[in-house]
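Thanks, everyone. I have one structure to walk through today, so please look at the screen.

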Amino acid sequence: MGTTSDEMGSVEQTSSSFNPLCFECGQQHWTRENHLYNYQDEVDDDLVCHICLQPLLQPLDTPCGHTFCCKCLRNFLQEKDFCPLDRKRLHFKSCKKSSILVHKLLDKLLVSCPFSSVCHDVMQRCDLEGHLKNRCPGASHRRAALEKRKTSKTQMEIENENGTTVIDLPAALSPETDCSGRTLTSASLPSWTEEPGLDNPAFEESLAGDTTPQPLSLPEGEITTIEIHRSNPFIRLGISIVGGNETPLINIVIQEVYRDGVIAKDGRLLAGDQILQVNNYNISSVSHNYARAVLSQPCSTLQLTVLRERRFGSRAHGHPEGSSPREEVFPVVLHKRDSAEQLGIKLVRRTDEPGVFILDLLEGGLAAQDGRLSSNDRVLAINGHDLKHGTPELAAQIIQASGERVSLTIARPGKPQPGSTVREAGTQSSSQHHAQTLPYSRPSSHKDIAQCVTCQEKHITIKKEPHESLGMTVAGGRGSKSGELPIFVTSVPPHGCLARDGRIKRGDILLNINGIDLTNLSHSEAVAMLKASATSPTVALKALEVQVVEEATQGPDEPLSAVSENEYDASWSPSWVMWLGLPSALHSCHDIVLRRSYLGSWGFSIVGGYEENHTNQPFFIKTIVLGTPAYYDGRLKCGDMIVAVNGLSTVGMSHSALVPMLKEQRNKVTLTVICWPGSLV
């Protein structure tokens with residue numbers, strides 16, 4: 001399915017009868033027509049527009065339950081006033097954008113580069129525009145040729161009064177109006193600059209002729225407060241999140257930003273940004289599901305306090321004058337009951353500045369009981385040993401050799417002076433937000449994942465009429481667009497067999513039906529197997545019930561979860577933490593090979609590893625740095641778990657052992673990872 005292209009030789013013609021070259025998909029079509037792609041696999045019929053018979057682009061849902069491409073439906077309704085499938089009366093304004101889940105499935109469709117004679121890359125559909133803009137040699141060559149033609153044609157038209165206008169260049173495309181009422185002009189096409197893109201190509205957003213200035217990018221290494229406005233307070237933000245105090249990530253991190261979502265249209269937040277506060281709720285060290293519930297609260301104006309870590313190689317103290325609060329330096333002396341007692345401090349290094357920092361205080365440890373230390377404190381010295389440029393490993397050695405008295409010199413960012421404001425990125429608002437004073441603080445104790453998720457296997461036998469359906473919707477499957485997932489239940493509609501029985505619930509993992517294993521099947525294979533088995537008068541199901549253990553609420557003003565609680569809502573998606581709690585037999589690992597031509601950074605930071613108080617913690621990807629091998633490869637995501645490096649298992653390995661191992665790899669490293677989709681908010 002799709003359209004082929006042989007280097008698009010026709011763009012060299014001068015006749016206006018030829019379609020212009022689109023710089024988003026790399027193929028020829030008019031702006032009133034959909035983009036064209038070379039799809040690699042057969043696409044599920046549910047993701048196909050039944051007007052153009054191609055995979056959906058900017059999908060719209062009709063009130064009668066059908067889905068079409070935005071442009072296809074708009075063009076159809078210019079001449080007709082009914083749905084193309086059931087012929088019910090239909091107005092374009094009554095149609096709504098499809099769910100984020102549908103957009104995500106479509107973005108992950110595999111396509112090949114249209115410049116197939118010089119580039120054989122295959123990538124997700126959402127990555128093609130960035131590939132053509134930054135990395136494709138064929139597109140680079142064609143861009144140079146078109147610019148040369150454009151220059152020569154301009155000169156010819158100046159010299160020839162009777163010259164005709166050629167409409168095979170983006171600058172000559174006629175404007176049209178999209179479904180949002182904005183005017184589409186040549187500005188909706190990329191500028192094809194030679195400079196490497198500063199935004200993740202997977203999340204580049206076409207502004208479609210928007211004349212308002214672009215919002216400024218967030219500053220790196222600073223806590224920043226931004227405001228997000230949405231006309232409908234119930235519209236989803238269009239991001240997925242990972243992290244939480246159940247994991248070594250501690251903070252909430254954006255895993256993906258989805259096209260056409262509220263956050264993508266705002267344009268300031270990227271994957272890897274950490275969300276510290278939402279309106280008046282501090283989520284800097286809370287459980288994952290609590291943070292998800294806070295982010296899902298309906299509101300028209302959303303104030304987000306966020307942190308974007310500074311890139312590798314940036315200056316350690318590059319804050320503009322006056323933008324960084326003064327540090328408070330103070331001593332802390334801890335007395336151990338005996339020399340073998342642990343302080344209960346987790347020390348880490350940072351990518352943005354040298355030195356040793358406190359990541360977390362272990363619950364019940366000596367430092368936590370003392371109460372003077374806190375996360376993000378910088379350790380300047382221990383027992384007189386200067387650690388301004390030290391390492392966590394050196395600090396640990398000093399502590400172990402210190403006996404029963406440990407003297408620490410600590411630096412902590414000072415509180416903002418009264419009347420000072422936290423920097424507002426991209427807005428002239430004069431309102432004050434003291435990001436360092438985060439209200440509604442929650443307990444910051446670091447729990448193990450095993451304490452937060454419970455799994456219980458259950459065997460269910462259902463008796464039913466031969467032609468009666470089971471009555472459930474499922475998602476997932478090996479090789480699915482959301483990742484390597486087991487089959488799970490998304491809804492149990494009322495009046496079906498399973499709803500009457502009551503034992504199968506939304507979120508259950510389906511392991512087996514009538515003795516047939518479902519755990520290694522694709523989505524379509526599993527659905528076919530479920531339908532075939534449902535014809536029997538008796539159906540035996542083996543399922544895994546997964547529950548996330550929530551911590552007790554801390555007050556009467558706790559926000560209630562806005563995540564869909566309707567058991568019949570088939571668009572429901574699981575929590576990221578639920579996936580983490582699955583038994584290892586349901587994990588699906590895959591290898592990612594990164595290559596580099598110079599001895600720089602691989603481009604990602606990690607947290608986790610062996611701790612005495614928490615035993616084995618998985619290694620998680622925390623950040624992916626722009627312009628590095630990991631970023632350009634595009635497959636690693638924040639929240640991915642690293643289970644092996646070059647075939648060597650990381651289970652039981654300490655953080656201080658894995659980091660040097662990664663740095664020692666020269667031109668190539670093979671990472672074995674488990675990738676779970678983040679929670680949609």
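The chain holds 13 helices and 33 strands. Those are DSSP runs, numbered from the N terminus: H or I of at least four residues for helices, E of at least two for strands. Bear in mind that this is a predicted model: local features need pLDDT of at least 70, side-chain atom pairs count only at pLDDT 80 or more, and totals for chains, interfaces and linings use all residues. Residues are numbered from 1 along each chain as its sequence is written, and side-chain values use heavy atoms, with hydrogens and water left out.

Overall numbers next. The chain has 681 residues, and 49% of them count as buried. Buried is under 20% relative accessible area, exposed is over 50%, and partly exposed is in between, with a 1.4 Å probe and protein chains only. The accessible surface is about 32400 Å², with 50% of that belonging to carbon and sulfur atoms. Areas come from the Shrake-Rupley method with a 1.4 Å probe; for residues, only the protein chains shown count as cover. Now contacts, meaning heavy atoms within 4.5 Å. Take those between residues at least 6 apart in sequence: 67% join residues at least 24 apart.

On to the core. The largest nonpolar core has 31 residues. Such a core is a set of buried Ala, Val, Leu, Ile, Met, Phe, Trp, Tyr and Cys residues joined through side-chain atoms within 4.5 Å. Tyr 37, Cys 113, Leu 132 and Cys 136 have the most contacts inside it. Strand S3 (67-69), helix H1 (70-77) and helix H3 (128-134) each give two or more residues to this core. The largest share, four residues, comes from H1.

Is Glu 227 buried or exposed? Its relative accessible area is 19%, so Glu 227 is buried. Glu 227 sits in strand S9, residues 223-229. Its side chain makes polar contacts with the side chains of Gln 303, at 3.1 Å, and His 229, at 3.4 Å. A polar contact is a pair of N or O atoms within 3.5 Å; within protein, one must be able to donate a hydrogen and the other to accept it, and residues adjacent in sequence count only if both atoms are side-chain atoms. Asn 279 is 52 residues from Glu 227 in sequence, and 9.3 Å away, C-alpha to C-alpha.

Last, backbone. Gln 58 is not a glycine, yet has a positive phi of about 45 degrees. Gln 58 is in the loop between strands S1 (38-39) and S2 (59-61). Asn 514, also not a glycine, has a positive phi of about 50 degrees. Its loop runs between strands S24 (509-513) and S25 (516-517). Gln 58 is partly exposed at 43% relative accessibility, and Asn 514 is partly exposed at 30%.
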